[in-house]
Amino acid sequence: MKKIKYLIALSVMIGVALSCSDDFIDLDPKGATLEGNYYKNETEAFSGLIAVYDVMKKHTGGFENMVTFLNAGSDDFYAGGGGATDGTGIQSFSNYSITEATMPGSYWNDYFQGVFRANLLLSKLPAVPMDDTKKARFEAEAKALRAYYYFELVRTFRNVPLFTSLLAPTDIYNVTQATPEEVYAQIETDLTDALNVLPATLDVSTEAGRLSKGSVQALLGKVYLYEGKNSQAAEQFAVVNGTPGGTSVYGYRLLGNYADLWVPANKYNSESILESSHNSTSQASWGNWGSGSDEGNSMSQMIGPRGFQRLTNAAPDLAGGWSFNTVTPSLHDALVGDPRYNATILDMAALQSAGSANYSPGYMDTGWFLKKYLPLTTDRTTSGGVIELNYGINSYVIRLADTYLMEAEALGATGPRAQALLDAVRTRVGLPSVPVSMAAIMNERRLELAGEGHRWFDLVRTGQAPTVLGPKGFTAGKNEIWPIPLNELSNTKLVQNPNY
């Protein structure tokens, strides 16, 4: 568990700048370079930018990734895994026994690592001899990434310190928390600044994985929505979304086939707005596990059934897994009869009953598994390293169906445009129109985005969490935010969140 003082030390080292995406750039680190001797040219500044991007893999990378954790806290999934002590953090979040001692420290310090990397780059860029246009783009990307990391921090921990520049190591013990309003104001400023600079479109062959004007505008709309600034959110989303069902000014368009969203090779497609990029070529081994230096999609390994054996061609040729995020009966029953069921849920119990496959039931097994991001044997790495840590399957942070439904919500779930946005999501999968309402939008979000890490936040921000998650142990006035990890509090002026 790293403390902020460690991140200060890390911020004066370049460290390892691994690739966010094999389509973006691949760097072969030769060791650490002192900060004072680095950032001498554009190449080194670009390496520093990649280091800022690298933290985005937290979305589905590593055992303590965001999506698997958030799924476990929702009503749609159990923690699962090998037993009640398999990942104390995820288990305690799933049943709401979580404390400052069981809260995994990485959810705090990984994102602060991203903040410090962004601040370091921003402090060095003015003196780097390079083209001014490129420099402005690097600065915009660093600001937008800092905003993204702070958005993750403020909507999970709420009361966090605000850093917009580097601190001396001696100052870190005197840091206090900012108000959420101050943090959100900085997020808005960073995203607005970036929006004015970034390109509207990207060359996917050379720039895949980088931020564009569209991805930043979608994120800004989401930030406004979480702040309750609905009119401003709707204004941003209207540009991102364009005509419902059509192609927006940024080239975004719903895929015709819902199942195509989950084809691993279909990265950076027309529906993708912001992705967490992974690759299968980092050659990560178990020595990298837990260090953040592995680049694969760990969620893919985590959600597969344990001891999978394919007996007939009726079963998918899965690469196996650790049985985390088993599907609850509530989500299963909600999706039965929905056209998205087969792309979302793998019914292992049915396959086993039919003699098509076997598996070893894990903890809180229901026989149903999240199918999105499940790896096939064809997805196994051939580039070295252990198979489990090197799945190159990307995951969506924001996609167009998500922004359609967020805009419909921001419009107050009323009016012709809100109806058209909801209809477009349903029409894509062959479902008829239903009258737009907040309940209809929330239900559509649950089914359309199942297992993508949105459900817990949706329940919390709309005030439904105490009722829906109460049976799992959720306590109103407490569990809407996470406890600050214990190690972050010692010898500092940071104050623990209420009721922990």
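These legends describe views of a predicted model. Local features need pLDDT of at least 70, side-chain atom pairs count only at pLDDT 80 or more, and totals for chains, interfaces and linings use all residues. Residues are numbered from 1 along each chain as its sequence is written, and side-chain values use heavy atoms, without hydrogens or water.

**View 1. Strands β1 and β6 pair in antiparallel fashion.** Strand β1 covers residues 272-276; strand β6 covers residues 395-399. They are joined by 4 bridges. Pairing requires at least two DSSP bridges between two strands. Ser272 faces Arg399 of β6 across the pair.

**View 2. Strand β6 is mostly covered.** In β6, 5 of 5 residues are buried. Buried means under 20% relative accessible area, exposed over 50%, partly exposed in between (1.4 Å probe, protein chains only). Across the chain, 59% of the 500 residues count as buried.

**View 3. The chain holds 19 helices and 6 strands.** Both are DSSP runs numbered from the N terminus: helices are H or I with at least four residues, strands E with at least two. The C-alpha trace spans about 65 × 50 × 50 Å along its principal axes.

**View 4. Contacts link residues across the sequence.** Contact means heavy atoms within 4.5 Å. Among contacts between residues at least 6 apart in sequence, 70% join residues at least 24 apart.
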